[in-house]
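Work through these exercises with the model open. Try each task before reading its solution.

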Amino acid sequence: MSTRYDTTGIKVGMWIFLYSEIILFGGLFVLYAVYFYRYPEFFVEGGKELNRFFGSANTIVLLISSFTVASSITALQLGRKKLTIGLLSFSLICGFIFLVNKYFEWGAKFHHGIYPNSEKLVEGEPGINIFFGLYYVITGLHGLHVIIGMVLLAISLVMVAKDIITPQRIAMLDNSGLYWHLVDLIWIFVFPLFYLVL
């Protein structure tokens with residue numbers, strides 16, 4: 001008895017899931033826009049507190065990882081298994097670098113007393129408190145998505161190594177790649193909203 005491999009169903013299911021993720025972050029971006037309209041000067045002030053070097057570095061890291069994930073899919077389709085594993089491993093390293101940068105960035109903010117419910121934010125201007133509230137919620141949620149994406153890529157890497165994912169059965173790697181591109185796309189919006197706000 002053969003098991004039917006429904007490639008179309010897998011792909012459609014993944015796209016429906018990705019749309020729900022876009023709606024989630026879209027709602028948060030609308031919330032950002034509403035409060036930015038109300039407290040523009042405090043959002044500018046809050047943005048100046050963020051480290052643009054870390055933000056820019058993480059943007060570059062994610063863009064590179066997105067390229068290597070896409071390349072890994074092409075490599076597997078061409079039957080180049082070792083190259084696929086190498087590219088996926090490099091993508092995972094990029095994800096790890098992103099999280100390390102975020103750890104240091106958040107750590108610096110905590111060191112300066114800028115964290116949710118801190119005395120500095122609670123007793124300060126409401127606009128600054130809201131800016132950093134949104135900053136921690138959105139970047140924290142994005143960081144969680146980075147971790148989930150890394151888990152999916154790691155599972156795909158193991159499955160490629162064990163020949164469970166092959167050029168003929170590539171849906172898992174393909175969907176993991178789509179998820180990673182979503183993570184990258186969301187950051188493309190997060191970076192200018194918080195780090196380049198003028």
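The exercises below go from the overall fold to single contacts.

**Exercise 1. Fold**

State the secondary structure content of the protein chain and the order of its elements.

Solution. Keep in mind that this is a predicted model. The protein chain has 7 helices and 0 strands. Read from the N terminus, the order is α-α-α-α-α-α-α. Along the principal axes, the C-alpha atoms fill a box of roughly 65 × 30 × 25 Å. Of the 198 residues, 43% are buried.

**Exercise 2. Helix lengths**

Check whether the end-to-end distances of helices H3 and H6 agree with their residue counts.

Solution. Start with helix H3, residues 52-77. The expected span is 1.5 Å times one less than the number of residues. For the 26 residues of H3 that gives 38 Å. The end C-alpha atoms of H3 are 38 Å apart, so the two values agree. Now take helix H6, residues 126-161. Its 36 residues should span 52 Å, and the end C-alpha atoms are 52 Å apart, which agrees.

**Exercise 3. Helix ends and positive phi**

Find what caps the N-terminal end of H3, then locate residues with positive phi after H3, after H6 and in the loop between H4 and H5.

Solution. Asn-51 is the N-terminal cap of H3. One of its side-chain oxygens lies 2.8 Å from the backbone nitrogen of Phe-53. After H3 comes Gly-79, with a positive phi near 80°.

Next, look at residues other than glycine. Most of these have a negative phi. Asp-163 follows H6 and has a positive phi, near 60°. Asp-163 sits in the loop between H6 and H7. Asn-117 also has a positive phi, about 65°, although it is not a glycine. Asn-117 belongs to the loop between helix H4 (81-111) and helix H5 (119-122). With 71% relative accessibility, Asn-117 counts as exposed.

**Exercise 4. Salt bridges**

How many salt bridges does the structure hold, and which of the pairs described here link distant parts of the chain?

Solution. The structure holds 3 salt bridges. Take Asp-174 and Lys-11, whose side chains meet at 2.3 Å, N to O. Asp-174 is in helix H7 and Lys-11 in helix H1 (residues 7-38), so this pair ties together parts 163 residues apart in sequence. Lys-11 is partly exposed, at 27%.

Next, Lys-81 and Asp-163 form a salt bridge at 3.1 Å, N to O. This pair links distant parts of the chain: Lys-81 is in helix H4, Asp-163 is in the loop between H6 and H7, and they are 82 residues apart. Lys-81 is partly exposed, at 28%. Asp-163 is partly exposed too, at 48%.

Finally, Glu-105 pairs with Lys-102, with the closest N and O atoms 3.0 Å apart. These residues are 3 apart in helix H4, so about one helical turn separates them. Residues three or four places apart in an α-helix point the same way, because the helix has 3.6 residues a turn. Both Glu-105 and Lys-102 are buried.

**Exercise 5. Aromatic pairs**

Classify the ring pairs Phe-110 with Tyr-115 and Tyr-135 with Tyr-136, and state whether these residues are buried or exposed.

Solution. The aromatic pairs number 23. For Phe-110 and Tyr-115, the ring centres are 5.0 Å apart and the planes are at 20°, so the pair is stacked. The cut-off for stacking is under 30 degrees. Phe-110 is partly exposed at 40%, and Tyr-115 is partly exposed at 31%.

For Tyr-135 and Tyr-136, the centres are 5.1 Å apart and the planes at 70°, so the pair is edge-to-face. Tyr-135 is buried at 0%, and Tyr-136 is buried at 6%.

**Exercise 6. A nonpolar patch**

Identify the residues of the nonpolar surface patch and the helix that gives its largest share.

Solution. Leu-63, Leu-185, Ile-188 and Phe-189 make a patch of about 360 Å². Helix H7 (residues 171-195) contributes the largest share, 3 residues. Leu-63 lies in helix H3. Its relative accessibility is 43%, so Leu-63 counts as partly exposed.

Notes. Residues are numbered from 1 along each chain as its sequence is written. Side-chain values use heavy atoms; hydrogens and water are left out. Helices (H or I, at least four residues) and strands (E, at least two) are DSSP runs, numbered from the N terminus. A polar contact is a pair of N or O atoms within 3.5 Å; within protein, one must be able to donate a hydrogen and the other to accept it, and residues adjacent in sequence count only if both atoms are side-chain atoms. Patches are made of residues with over 30% relative accessible area and no salt bridge: like charges are joined within 9 Å, nonpolar side chains (Val, Leu, Ile, Met, Phe, Trp, Tyr) within 5 Å. Accessible areas come from the Shrake-Rupley method with a 1.4 Å probe; for residues, only the protein chains shown count as cover. A salt bridge is a side-chain nitrogen of Lys or Arg within 4 Å of a carboxyl oxygen of Asp or Glu. Buried means under 20% relative accessible area, exposed over 50%, partly exposed in between (1.4 Å probe, protein chains only). Rings of Phe, Tyr and Trp (its six-membered ring) pair if their centres lie within 6.5 Å; planes under 30 degrees apart count as stacked, over 60 as edge-to-face and the rest as tilted.
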